[in-house]
Number of protein chains: 2
Amino acid sequence: MSKEFLYTEITNGIASQIRGGALKAGDKLPSVRTLCQEHQISMNTAKRVFLELESQSLVESKPQSGYFVSKLLSVKLPLSEVSRPSLIANNNEPDELISKVYENMGKKDITFFSIGIPSGDLLPQAKLKKEIINATRELKEGGTEFEELQGNLKLRRIIALRSLPWGGNFNENDLVTTNGGMNALSFCLMALGKPGDTIAIESPCYPGILQLANGLGLRVLELPTHPTTGIEIDALKKAIPKINICLLIPNFNAPLGSCMSDENKKEVVRLLAENNIPLIEDDVYGDLYFGPNRPKCCKSFDKEGNVLYCSSISKTLAPGYRVGWIAPGKYKDKILKLKLLHATSSITIVNEAVANFLKTGRYEKHLHQLRRTLQNNYQNYVQTIAAYFPEGTKTSRPQGGLSLWVEFDKSIQTRALYNLAIKQNISIAPGRMFTLQDQFENCMRLCIGLPWSEDIQLKLKQLGNLAKMR
Amino acid sequence: MSKEFLYTEITNGIASQIRGGALKAGDKLPSVRTLCQEHQISMNTAKRVFLELESQSLVESKPQSGYFVSKLLSVKLPLSEVSRPSLIANNNEPDELISKVYENMGKKDITFFSIGIPSGDLLPQAKLKKEIINATRELKEGGTEFEELQGNLKLRRIIALRSLPWGGNFNENDLVTTNGGMNALSFCLMALGKPGDTIAIESPCYPGILQLANGLGLRVLELPTHPTTGIEIDALKKAIPKINICLLIPNFNAPLGSCMSDENKKEVVRLLAENNIPLIEDDVYGDLYFGPNRPKCCKSFDKEGNVLYCSSISKTLAPGYRVGWIAPGKYKDKILKLKLLHATSSITIVNEAVANFLKTGRYEKHLHQLRRTLQNNYQNYVQTIAAYFPEGTKTSRPQGGLSLWVEFDKSIQTRALYNLAIKQNISIAPGRMFTLQDQFENCMRLCIGLPWSEDIQLKLKQLGNLAKMR
């Protein structure tokens with residue numbers, strides 16, 4: 001067994017004991033010497049294990065005493081509630097609220113807890129620049145020419161390859177590239193829905209999806225969703241006769257960060273295929289897992305081609321490149337036709353550059369780092385919220401992704417909090433943005449994709465104080 | 001008056017006399033010495049005038065005798081017919097035919113008379129590469145970040161500036177960028193149309209527009225269109241009570257190359273505004289005029305914000321960049337919302353690079369060269385067609401753009417011709433692609449955006465021989 005493999009095994013083993021609760025906050029860990037003897041490893045390797053756990057904020061060292069499970073982990077805010085939306089389709093779009101939050105986008109000096117993308121500081125910008133320059137130099141006509149309709153072949157190959165570990169079961173011919181993830185969802189909804197059709201989604205749900213469905217004239221049925229395990233299967237079962245399409249973010253749903261179990265994924269795929277209801281799966285956060293392994297997807301269990309799997313690099317690498325894709329199963333011809341008519345071609349240069357970047361393995365290294373940063377951010381956010389937010393504040397427990405869902409006492413209205421916070425240059429996403437119904441007025445989504453700093457901590461503290469003033 | 005200005009004035013003056021017919025094929029032109037004396041210019045300038053006219057295929061020199069109006073211009077093929085489509089909306093899409101023509105796209109060794117974009121050899125690839133590399137280096141986050149929703153400000157400014165000469169009457173705030181021209185049209189149709197609505201268009205019409213309208217569930221009403229003056233105003237007047245939207249390519253319509261007069265443009269704008277029917281104007285070919293001046297647009301006469309003006313750089317600079325725009329008039333909010341939902345952002349790097357390229361003035365220089373090349377190609381195509389195509393062949397008289405419309409005798413079916421030609425590695429666009437009705441079976445569109453060569457001439461000759469065999 002290689003040294004490197006042993007090191008990873010031991011680190012992950014201790015990490016899961018801590019996360020699973022077998023080791024509790026304040027517990028003393030074995031000494032470096034004991035670890036060496038137990039696992040027959042060198043002192044250096046043992047030290048690396050503890051350093052790694054420390055960098056993940058799982059353990060802390062005390063001078064002369066050794067390593068202890070981090071007290072941060074003892075911060076246990078109550079879990080936010082399972083949503084209970086009305087089970088009658090409702091399309092009351094919070095237009096004005098969304099415009100208000102969007103109108104400040106891009107302005108300087110504002111801290112954007114409201115956005116759903118990682119900060120540019122967390123992206124491998126220098127390496128991406130090199131890839132763009134190389135692609136521009138090496139493409140036959142400098143990228144002025146159209147790509148083939150289905151998209152860059154190298155990119156489709158590497159995406160298919162990367163899907164093997166989670167059982168994607170597709171090859172390059174099963175994929176169609178798009179101009180980003182929203183463009184992928186837009187093609188899926190245009191291909192499958194007609195005005196008046198009903199679409200089932202999670203609640204709360206990413207506002208772009210709500211608006212897109214609403215804009216295409218679909219009736220939106222929001223289903224009860226658990227903050228850690230995702231959509232409630234029983235509710236979906238009951239809704240089956242009413243729905244024509246289902247759209248889910250099974251892995252690290254924005255804004256909850258919930259992750260469906262494999263059994264639930266399998267069951268949803270079976271149920272929908274049996275009733276001939278197509279499933280659109282949005283997996284843009286799938287690679288941002290905090291646990292040891294990447295979760296599977298609904299697509300992993302799709303035998304009938306009934307799942308339209310959508311993803312992109314917008315949440316992990318470069319939002320401004322607009323590189324996304326669909327594995328549309330049996331709906332491929334429809335998607336290809338929509339792409340031809342509404343987009344003609346993806347953008348040749350950026351797709352070539354991303355394909356080359358993904359091939360080098362630098363992407364995996366970057367993802368590893370990004371996941372660790374996001375997980376640390378989450379810990380830091382929760383600790384700060386516990387210290388400075390009003391009593392009774394609950395949060396989701398994201399197991400990956402970019403979002404933390406915060407639920408205040410019913411007396412605290414996040415629309416009003418937005419108005420107060422923006423005056424202090426803090427932008428939040430009020431809960432009402434994530435539904436077409438009258439709910440979540442006491443909730444908000446915080447983006448955890450900002451680099452942690454004293455300033456961010458200060459802004460969170462300010463936010464807590466504002467909420468207390470209500 | 002500067003020497004350069006005089007040179008251009010004199011050259012354009014003689015060119016219009018030839019094009020207008022005041023000087024006829026074979027007429028002798030004044031000698032170099034006479035030109036010097038008449039205009040008080042140097043011998044060198046006078047010689048440059050003739051060289052320029054010769055490079056435009058307008059004159060030819062005979063040793064010891066001087067310059068004569070080119071005999072090429074005496075080639076006068078009969079003008080193709082005014083279309084007479086059924087005035088009942090029809091949506092019989094030639095799906096199979098289009099798939100057949102598209103399935104060979106991008107294959108090597110095929111001569112693509114069927115495509116509607118300029119060959120890569122005619123594009124300033126080296127300069128564009130430099131702009132991409134500079135943009136990537138200089139953008140704050142290397143282009144990984146989103147643009148502002150409305151699009152790159154520099155790009156919108158230069159587009160607004162370039163519209164001044166033809167009376168665009170808009171500024172940067174009136175523009176929204178899109179991922180190419182088809183994406184612009186798709187947003188306009190989604191913003192304005194609902195399934196069952198009727199859209200009036202030219203006939204023949206660009207296949208992408210027909211398919212897009214059809215795909216969105218619109219009823220398509222094709223209107224009679226003159227090969228040189230465009231849509232027939234009387235037919236449009238009669239159709240008014242039946243239609244909800246109108247979409248025109250007033251300048252160098254693909255596939256005819258027709259150009260509407262200013263009066264007709266003005267009248268169409270007035271008529272549609274009066275009846276509250278929005279006009280989508282596709283001006284992607286507007287900069288590719290063969291005459292001395294750029295034509296105006298319908299947008300030039302739009303006082304009510306009822307014209308949604310769409311354009312792109314795909315026909316002039318870089319199809320693979322997917323950079324387009326809309327000046328949506330009073331429909332701006334709807335277009336912005338669609339962009340947010342279906343695309344999120346344009347692609348930061350390519351839009352920055354194009355903005356910088358357009359600012360340098362290199363674009364005007366490139367366009368000047370491209371227009372001349374296309375015009376020469378047109379002359380060469382017509383001469384070859386006159387020599388080698390079956391008796392009775394008619395053509396359009398494009399005054400700009402990338403298309404030549406060829407009309408055979410009714411006995412020659414271009415679907416069958418396609419099958420024969422593709423075996424000889426020649427791809428054409430059969431006329432039936434340009435309509436949703438049963439017409440144009442004896443017509444085809446030829447792209448004149450391929451660099452002229454002996455090989456292209458040979459392929460045209462082969463095509464003529466195949467048509468004669470029918």
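**First stop: a loop of chain A**

Begin by selecting A:Phe252, which counts as buried because its relative accessibility is 3% (buried means under 20% relative accessible area, exposed over 50%, and partly exposed in between, with a 1.4 Å probe and protein chains only). A:Phe252 lies in the loop between S8 and H10 of chain A; helices (H or I, at least four residues) and strands (E, at least two) are DSSP runs, numbered from the N terminus. The phi angle of A:Phe252 is near 60 degrees, a positive value in a residue other than glycine.

Two notes on conventions apply from here on. The model is predicted, so local features need pLDDT of at least 70 and side-chain atom pairs count only at pLDDT 80 or more, while totals for chains, interfaces and linings use all residues. Residues are numbered from 1 along each chain as its sequence is written, chains are lettered from A and ligands numbered from 1 in the order in which they are written, and side-chain values use heavy atoms, with hydrogens and water left out.

Now select A:Pro255, in the loop between strand S8 (245–248) and helix H10 (262–274) of chain A. The peptide bond that leads from A:Ala254 to A:Pro255 is cis, with omega near 15 degrees.

**Second stop: chain A as a whole**

Chain A contains 15 helices and 16 strands, and its C-alpha trace spans about 70 × 55 × 45 Å along the principal axes. For 470 residues, a compact globule would have a radius of gyration near 23 Å, and chain A agrees because its value is 23 Å; this radius is taken over C-alpha atoms, and the globule rule is 2.2 Å times the number of residues to the power 0.38. Of the 470 residues of chain A, 62% count as buried.

How many of the contacts between residues at least 6 apart in the sequence of chain A join residues at least 24 apart? The share is 75%, where contact means heavy atoms within 4.5 Å.

Select A:Ser31, in the loop between helix H1 (3–20) and helix H2 (32–39) of chain A. A:Ser31 is partly exposed, because its relative accessible area is 33%. Its side chain and that of A:Thr34 are joined by a polar contact of 2.7 Å (a pair of N or O atoms within 3.5 Å; within protein, one must be able to donate a hydrogen and the other to accept it, and residues adjacent in sequence count only if both atoms are side-chain atoms).

Next, select A:Lys140, in the loop between helix H5 (125–138) and helix H6 (153–162) of chain A. Is A:Lys140 buried or exposed? A:Lys140 counts as exposed, because its relative accessibility is 71%. Leaving aside neighbours within four places in sequence, A:Lys140 is in contact with A:Glu145 and B:Gln125.

Move on to A:Asn425, in the loop between helix H14 (414–423) and strand S14 (426–427) of chain A. Phi of A:Asn425 is near 60 degrees, a positive value in a residue other than glycine, and A:Asn425 is partly exposed at a relative accessible area of 32%.

Select B:Asn306, in the loop between strand S9 (279–282) and strand S10 (307–312) of chain B. B:Asn306 is buried, because its relative accessible area is 3%. Its side chain reaches the backbone oxygen of B:Ile277 at 2.9 Å. Beyond its neighbours within four places in sequence, the contacts of B:Asn306 include B:Leu272, B:Pro278 and B:Tyr331.

Then select B:Pro204, in the loop between strand S5 (198–203) and helix H8 (207–215) of chain B. A cis peptide bond joins B:Ser203 and B:Pro204, with omega about 0 degrees.

Select helix H11 (residues 332–342) of chain B, whose buried residues include B:Ile335, B:Leu338 and B:His342. H11(B) is followed by B:Thr344, whose phi is positive, near 70 degrees.

Finish at B:Thr414, in helix H14 (residues 414–423) of chain B. B:Thr414 counts as buried, because its relative accessibility is 0%. Not counting residues up to four places away in sequence, B:Thr414 touches several residues, among them B:Phe408, B:Ile428 and B:Cys443.
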